[in-house]
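Me: I would like to go through some labels given to aromatic residues and ask what each one rests on.

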Amino acid sequence: NNIGNYYRDKEEINKALDYFIQSAEVLEEVNNSNSASLTYTIIGNIYQDLGNYKNALHYFQKSLKIEEGIRSKIEKDFALKQLSDSIQLANTHALHNKELNHKKEMLEKEKSKSFILTAGIGLFIISFIVVFYQWRRTRKQNKVIEDQHQQLDESHKEITDSINYAKNI
């Protein structure tokens with residue numbers, strides 16, 4: 001392209017065209033589409049300036065075809081990027097929802113554990129109270145029984161003493 005520009009500046013148009021055409025072919029071989037498209041446009045402009053509209057149209061169409069391919073590739077890349085971003089966003093949302101569901105499950109388990117623990121503590125306290133009252137009642141009954149036993153012992157001693165006294169008399 002530089003050599004073609006050199007000859008174009010010197011107004012040696014035929015040599016410039018040869019170098020631009022060679023450059024365009026090489027650029028297409030190495031898949032440098034942007035530069036090839038620009039070079040075909042330059043060639044089309046030179047043919048247009050020369051009044052050779054048939055060749056000018058041919059090279060403009062080649063440039064246009066490459067530009068459409070580039071635009072199509074860009075559109076595909078953009079669509080793929082959007083699809084990739086959408087998938088990534090959906091995956092992020094799914095992961096977030098999964099984490100939320102996991103947290104909800106863990107919270108439900110914690111609530112269940114708390115409920116069971118609270119119920120267990122409540123049952124323990126109620127059992128303790130019942131046992132405590134039973135213990136107090138049993139203690140009172142034992143005291144009554146001891147008092148009665150003591151009275152019985154005293155009565156037995158009095159009776160025995162009275163019998164012994166009576167024997168002595």
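Reply: Start with a definition: buried means under 20% relative accessible area, exposed means over 50%, and partly exposed lies in between. The model here is a predicted one.

Me: Why is phenylalanine 132 called partly exposed?
Reply: Its relative accessible area is 34%. That value falls between the cut-offs of 20% and 50%, so phenylalanine 132 is partly exposed.

Me: What makes tyrosine 133 exposed?
Reply: Tyrosine 133 has a relative accessible area of 52%. Exposed means over 50%, so the label applies.

Me: Why is the pair of phenylalanine 132 and tyrosine 133 called edge-to-face?
Reply: The ring centres are 5.9 Å apart, and a pair needs centres within 6.5 Å. The planes stand at 70 degrees, which is over 60, so the pair is edge-to-face.

Me: How many aromatic pairs does a search of the whole structure find?
Reply: The search finds six. One of the pairs is tyrosine 47 with tyrosine 59: the centres are 5.7 Å apart and the planes are at 15 degrees, under the limit of 30, so this pair is stacked.

Me: Which helices does that pair link?
Reply: Tyrosine 47 is in helix H3 (residues 33-50) and tyrosine 59 is in helix H4 (residues 53-168).

Me: How do you know whether tyrosine 47 and tyrosine 59 are buried or exposed?
Reply: Tyrosine 47 has 13% relative accessibility, and tyrosine 59 has a relative accessible area of 11%. Both values are under 20%, so both residues count as buried.

Note on methods: Residues are numbered from 1 along each chain as its sequence is written. This is a predicted model: local features need pLDDT of at least 70, side-chain atom pairs count only at pLDDT 80 or more; totals for chains, interfaces and linings use all residues. Side-chain values use heavy atoms; hydrogens and water are left out. Helices (H or I, at least four residues) and strands (E, at least two) are DSSP runs, numbered from the N terminus. Buried means under 20% relative accessible area, exposed over 50%, partly exposed in between (1.4 Å probe, protein chains only).
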